[in-house]
Amino acid sequence: MAKSYYGKYPDERGKYGKYGGRYAPEILMPALEELDAAFAKFYPQQRFKTELKQLLKDFAGRPTPLYFAGNLSKRWGCNIYLKREDLLHGGAHKLNNTLGQGLLAKYMGKTKLVTETGAGQHGYGTAIAGAQLGLEVKVFMGDEDIKRQHYNVYRIQLSGAQLVPVHSGSRTLKDAINEGMRYWISHVEDTHYLMGSVVGPHPYPMIVREFQRIIGKEIKQQIVEQAGRLPNGIVACIGGGSNAMGAMYDFIEDDVALYGAEAAGEGGDTGKHSLPLTRGRLGVLHGAATYLLQDDFGNIKESHSVSAGLDYPGVGPEHALLKDLGRLQVGEITDQEALDACVELSRVEGIIPALESSHALAYGKRIAQNYHPEDILVINVSGNGGKDLDILQKRLRFDL
Ligand SMILES: Cc1ncc(COP(=O)(O)O)c(C=O)c1O
């Protein structure tokens with residue numbers, strides 16, 4: 001790609017080409033403007049940077065390893081490196097963003113955090129940040145996700161956060177965001193809405209991207225140290241898109257292929273999937289214009305995926321732009337392919353990945369078929385599979 005990307009997005013209206021923007025209720029506009037101004041003021045300050053760096057290092061465990069997966073490399077026929085966000089405190093990349101936004105909220109003088117969660121990883125990350133930074137936390141979560149990710153529900157509660165079940169709509173992430181934002185409208189004075197991915201009205205996609213960029217910055221340094229050069233490609237799963245944006249942003253102007261795995265659920269043609277980038281159309285959801293799953297009348301369609309963190313009918317606006325620019329290649333990965341990849345990584349490398357991350361692994365396996373033995377593919381393992389053991393046990397039974 002021509003070296004003309006950085007510095008352009010978002011533009012002054014918070015847009016990424018025709019995507020993004022700030023389509024929020026009038027009543028939220030002052031809070032979004034306050035957040036935008038606070039980020040511009042505090043994020044570049046040395047004091048903020050030093051405090052966040054310290055938290056990420058000593059509390060969260062950064063840098064996470066970039067691991068050369070020798071066994072997988074032999075099987076797949078090229079050099080596979082795994083970025084181990086599963087080893088971050090809390091078990092997923094989400095903490096990079098929750099510590100960043102939590103600290104920002106504190107600098108803004110807020111005393112409470114409200115958020116949504118799908119897989120529970122972001123809710124847990126917010127609960128951790130709240131406990132660490134002394135902020136009260138409320139987490140909205142759909143009924144359906146409460147059932148399938150109950151270990152994280154317990155972790156959230158154990159960490160002192162209040163969990164609010166959401167019974168509306170598909171009772172998953174989309175509805176949890178709706179309810180969380182509704183709550184925020186009447187509590188903006190003392191409460192920061194801690195968005196969990198690169199979605200929502202401006203400035204959220206930009207703020208979350210900036211806090212997750214640490215993943216890609218580390219990959220860049222580590223791969224040069226270990227392999228002496230940049231990789232041929234980077235793969236990540238895309239729910240809202242924060243781990244993918246974090247891993248990829250610093251490579252956009254490099255000669256490195258960028259691959260995003262979307263959740264094809266029961267299969268792209270069955271209608272039971274979460275494929276906004278490959279099968280969606282332009283629309284507005286949660287304050288931003290982006291690719292969305294919708295019916296002929298523009299109503300948002302329910303998404304489906306075995307992994308709660310990918311079960312969302314929309315996607316970050318910058319991913320929509322990168323796809324249109326031809327910079328991001330998107331693969332459709334079914335539930336079954338993700339489950340198979342989860343088993344393969346567990347058995348071949350001794351790493352049980354989250355079902356979200358398993359989509360990236362399955363796509364990586366597909367891409368590796370066209371790679372040469374000397375090529376390098378980095379796969380972002382966004383989280384560990386501890387939260388998914390119930391789902392795995394239902395699908396895969398072992399004899400005693
Ligand atoms: C482990 C893990 N990976 C990926 C995701 C998807 O989110 P994002 O696309 O914002 O990285 C989630 C969401 O909960 C998650 O828990």
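**Figure 1. Shell around the ligand in the predicted model.** Helix α11 gives the most to the shell around the ligand, with 3 residues. The structure shown is a predicted model. In total, 21 residues surround the ligand, and the closest are Q121, G239, S242, G309 and G383. The elements that contribute two or more residues to this shell are α5, α11 (242-248) and α15 (355-368). By class, the residues of the shell divide into 7 nonpolar, 13 polar and 1 charged. Domain 1 (15-56 + 94-203) and domain 2 (61-91 + 210-395) both give residues to the shell, so the ligand lies between them.

**Figure 2. Contact between the two domains.** The domain assignment of the protein gives domain 1 as 15-56 + 94-203 and domain 2 as 61-91 + 210-395. Their C-alpha centres lie 22 Å apart. The contact takes 40 residues from domain 1 and 42 residues from domain 2. On the side of domain 1 that touches domain 2, two or more residues come from each of β2 (19-20), α4 (94-107), α5 (121-133), α6 (143-148), α7 (150-158) and α8 (173-185). Among these elements, α4 gives the most to that side, with 6 residues. The residues on this side of domain 1 divide into 16 nonpolar, 18 polar and 6 charged.

Figure 3. An open sheet of 4 strands has the order β7-β6-β5-β8, and its pairing is parallel. Strands β7 (162-166) and β8 (191-193) stand at the edges, each with a single partner strand, so one side of each is left without a neighbour in the sheet. Neighbouring strands of this sheet are turned against each other by 20 degrees on average, direction ignored. Strand β6 (residues 136-142) pairs with β7 in the parallel sense over 5 bridges. Within these two strands, G142 stands opposite V166 in β7. Helix α8 packs on the sheet, where it touches β5 (112-117), β6, β7 and β8. The direction of α8 makes about 160 degrees with that of β5.

**Figure 4. Two cis peptide bonds.** Most peptide bonds are trans. In this model, a cis peptide bond joins R62 and P63, with omega of about 0 degrees. Residue P63 is found in the loop between α2 (46-59) and β3 (66-68). A cis peptide bond also joins H202 and P203, and here omega is about 15 degrees. Residue P203 is found in the loop between β8 and α9 (204-212).

Figure 5. Most residues other than glycine have a negative phi. For R171, phi is near 55 degrees, a positive value in a residue other than glycine. This arginine has its place in the loop between β7 and α8. R171 has 19 C-beta neighbours inside 10 Å and therefore counts as partly exposed, since burial requires 20 or more. For H286, phi is near 50 degrees, again a positive value in a residue other than glycine. H286 lies in the loop between β11 (281-285) and β12 (288-292). With 23 C-beta neighbours inside 10 Å, H286 counts as buried.

How values were computed. Residues numbered from 1 in each chain as written. Predicted model: local features only at pLDDT ≥ 70, side-chain atom pairs only at ≥ 80, totals over all residues. Domains from an automatic or database assignment. Contact = placed C-beta atoms within 7 Å. Nonpolar A, V, L, I, M, F, W, Y, C, P; charged D, E, K, R; others polar. Near = placed C-beta within 6 Å. Pairing = 2+ DSSP bridges. Axes fitted to C-alpha atoms, helices over the stretch in contact; angles between N-to-C directions. Buried ≥ 20, exposed ≤ 12 C-beta atoms within 10 Å, placed from the backbone.
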